[in-house]
Amino acid sequence: MKLLVVEDERRLANSIADLLRTHGFEVDVAYDGPTGYDYAASGVYDLMILDVMLPGENGFDVARRLRSERNGTPILMLTARSETADRIAGLDAGADYYLTKPFDTGELLACVRALLRRQGEQVEVLSFGDTALDLSTCTLSCGADSVRLSNREFDIMRILMGAQHRNVPKESILTKVWGYDSNADENHVEVYVSFLRKKLSSIGSHVRIVAIRRQGYHLEAEEV
Ligand code: CA
């Protein structure tokens, strides 16, 4: 699988490339819009990760130009901004998925795999302990039991599974799931975490969502 990363913040671009390489992908990097466009136009990539704010030509324009030339390379768009308007602009321009910076590396990998799977290349499931989250059906399963998650529950579970044992601040869940401009507060996160706990126990999962005061949540797998 050959991926293209177009991102002008060199450290970020290189760390994304390194991460993807350690997961077995072949990766090329471009640091500005026009170069990114030229690489992508070659049509050799299975997916491109495209930043929005780029020198030369922004990510929206690069995506739009590729799509107008019938280049169907899946595009995962990155941006530091999270306003709904930008999200819509990105999707209108032809992006397949939109990830807001800062993102978790697990989240990035999950998105990459989900987009590649959509191409019929790979099956994507995140797992932790005895429990798996199917990204295409939003289903949480443990052994033979499974339960469907609502959109919010799914988003939260995906973030927690992406982070694995690492702690995720409540505030970061709030921002990623509800966005900066929403009226939701940390109580919403708590409510959805309690829904998730019920669903985990309903399928006999030994995964627990552990809350640490003032720090957030992380997953733990109980010894069976
Ligand atoms: Ca940038």
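Is Asp61 buried, partly exposed or exposed? Asp61 is partly exposed, because its relative accessible area is 32%. On this scale, buried means under 20% relative accessible area, exposed means over 50%, and partly exposed lies in between (1.4 Å probe, protein chains only).

The structure is a predicted model, in which local features need pLDDT of at least 70 and side-chain atom pairs count only at pLDDT 80 or more, while totals for chains, interfaces and linings use all residues. Residues are numbered from 1 along each chain as its sequence is written, and side-chain values use heavy atoms, with hydrogens and water left out.

Asp61 takes part in a salt bridge with Arg64, at 2.9 Å from N to O. A salt bridge is defined here as a side-chain nitrogen of Lys or Arg within 4 Å of a carboxyl oxygen of Asp or Glu. Side chains of opposite charge can pair when their charged atoms come close. Both Arg64 and Asp61 lie in helix 3. They are 3 residues apart, about one turn of the helix. Arg64 is partly exposed, with a relative accessible area of 40%. Helices (H or I, at least four residues) and strands (E, at least two) are DSSP runs, numbered from the N terminus.

Together with strand 3 and strand 4, helix 3 makes a right-handed β-α-β unit. Right-handed means that, with the strands pointing away from the viewer, the path from the first strand over the helix to the second runs clockwise. Strand 3 and strand 4 (residues 75–79) pair in the parallel sense over 4 bridges. Two strands count as paired if DSSP finds at least two bridges between them. In this pairing, Ile49 stands opposite Leu76 of strand 4. Strand 3 also runs parallel to strand 1 (residues 2–6), and 4 bridges join the two. Here Leu4 is opposite Met48 of strand 3.

Strand 3 (residues 47–51) is largely enclosed by the rest of the structure, because 5 of its 5 residues are buried. Leu47, Ile49 and Asp51 point one way from the strand. Met48 and Leu50 point the other way. Asp51 counts as buried because its relative accessibility is 3%.

Asp51 is also a ligand of the calcium ion. The ion is coordinated by Asp8 (OD), Asp51 (OD) and Met53 (O), at 2.1 to 2.3 Å. Donors are N, O and S atoms within 2.8 Å of the metal (3.2 Å for Na, K and Ca); water is not among the atoms, so sites may look incomplete. The donor residues are spaced D-x42-D-x1-M in sequence. Met53 is exposed, with a relative accessible area of 53%.

Strand 2 (residues 26–30) includes Ala30. At 1% relative accessibility, Ala30 counts as buried. Leaving aside neighbours within four places in sequence, Ala30 is in contact with Leu4, Val5, Val6, Glu7, Thr35, Gly36 and Tyr39. Contact means heavy atoms within 4.5 Å. Ala30 and Ala13 are 17 residues apart in sequence, and their C-alpha atoms are 8.3 Å apart in space.

Four strands form an open sheet in the order 6-7-8-9, with antiparallel pairing. Strand 6 (125–128) and strand 9 (145–148) are the edge strands, and each pairs on one side only. Neighbouring strands of this sheet are turned by 20 degrees against each other on average, direction ignored. Axes are lines fitted to C-alpha atoms, for helices over the stretch in contact, and angles run from 0 to 180 degrees between N-to-C directions. Strand 8 (residues 139–142) and strand 9 are joined by 4 bridges and run antiparallel. Thr139 stands opposite Arg148 in strand 9. Helix 6 (residues 151–163) packs on the sheet and touches strand 6, strand 7 (131–134), strand 8 and strand 9. The direction of helix 6 makes about 125 degrees with that of strand 7.

The whole structure holds 15 salt bridges. One of them joins the side chains of Glu26 and Lys2 at 3.2 Å, N to O. This pair links distant parts of the chain, with Glu26 in strand 2 and Lys2 in strand 1, 24 residues apart. Glu26 is partly exposed at 48% relative accessible area, and Lys2 is partly exposed at 22%.
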